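Dear colleague,

Please find the structure below, together with its sequence. My notes on what was found in it follow.

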Amino acid sequence: LGIKFQYSVEPNSGVANARNCAIKLAFGEYVAFLDDDEVAFPDWLEKIYQTAKNTNAHVVFGPIEARLSQGSDAPSEYFQAFFSRPDEWDEGFITKHYGCGNSLMHREFVLSGETPFNPITNETGGEDDLLFREVEAKGGKFAWSKQAWVYEDVPRHRASYAYLTPRAFAFGHNTTSQCFDKKNPNYIAGLISMARGSLQTIVMAPVALGLWVIG
């Protein structure tokens, strides 16, 4: 069975712009998403679509198994876990959302409008988190597809603390700042996140400095 692919070039940089460009070219009831470093199992699309039809969920996620490149930094178990999405749910509805990679979204409910992925996130990331917060605020449902597996191939330079440290900072920053989004605010959660981050800095910074000094 042949599948026709259509490609496009988005002249304006940013992941939100790229996703919005692709959505304009897509058609049908659902839109499936894979990240550029993910490789789907042969029956991935069938499995994730079947979960969507069985549950009528608006967004469906599947598990991810990371594959590290040869020679990646130790401890490899840590990096393996960081880039994976473990199969920790039963098939059906779930109470949280994940990233855009390995997901299926209902086009009309989730991806309506000219720019469903907010362009203000082009430089910071977190465009999927912001979108899913809006889905949640509208009463949207999330589901888990246990059999919809994909691999995520992790190049050597990403399996390192030099890569993960700014990524972790950006994740925490985005998660906190989105609590103050005017459309769907959660000020208490934002303040708690800021307090937690401040405490972590006060306690862990001296520890990290000491460990760096002694190698």
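Does Leu68 count as buried, partly exposed or exposed, and at what relative accessibility? Leu68 counts as partly exposed, at 23% relative accessibility; buried stands for under 20% relative accessible area, exposed for over 50%, and partly exposed for what lies in between, with a 1.4 Å probe and protein chains only.

Two remarks on the basis of these notes are needed. The model is predicted, so local features need pLDDT of at least 70 and side-chain atom pairs count only at pLDDT 80 or more, while totals for chains, interfaces and linings use all residues. Residues are numbered from 1 along each chain as its sequence is written, and side-chain values use heavy atoms, with hydrogens and water left out.

Overall form

The protein contains seven helices and eight strands; these are DSSP runs numbered from the N terminus, helices being H or I with at least four residues and strands E with at least two. Its C-alpha atoms fill a box of roughly 60 × 45 × 40 Å along the principal axes. Of the 215 residues, 35% are buried. Among contacts (heavy atoms within 4.5 Å) with a separation of 6 or more, 76% join residues 24 or more positions apart.

Leu68 and its surroundings

Leu68 belongs to strand E4, residues 64-68. Beyond its neighbours within four places in sequence, Leu68 is in contact with Ser76, Phe79, Gln80, Val154 and Ala159. Arg156 is 88 residues away from Leu68 in sequence, yet their C-alpha atoms are 7.0 Å apart in space.

Arg85 and Asn102

Arg85 lies in the loop between H3 and E5 and counts as buried, at 7% relative accessibility. Leaving aside neighbours within four places in sequence, its contacts include Phe61, Tyr98, Trp144 and Asn102.

Asn102 is found in the loop between strand E5 (92-94) and strand E6 (103-106). Asn102 is buried, at 0% relative accessibility, and has a positive phi of about 60 degrees although it is not a glycine. Most residues other than glycine have a negative phi.

Asn56 also has a positive phi of about 60 degrees and is not a glycine. Asn56 lies in the loop between helix H2 (44-55) and strand E3 (59-61), and is exposed, with a relative accessible area of 57%.

Helix H6

Helix H6 runs over residues 161-177, and its end C-alpha atoms are 24 Å apart, which agrees with the 24 Å that its 17 residues should span at 1.5 Å a residue. The expected span is 1.5 Å times one less than the number of residues. Leu164, Asn174 and Thr176 are buried in H6. Helix H3 (76-83) and helix H7 (187-213) are among the elements that cover the buried residues of H6.

Yours sincerely
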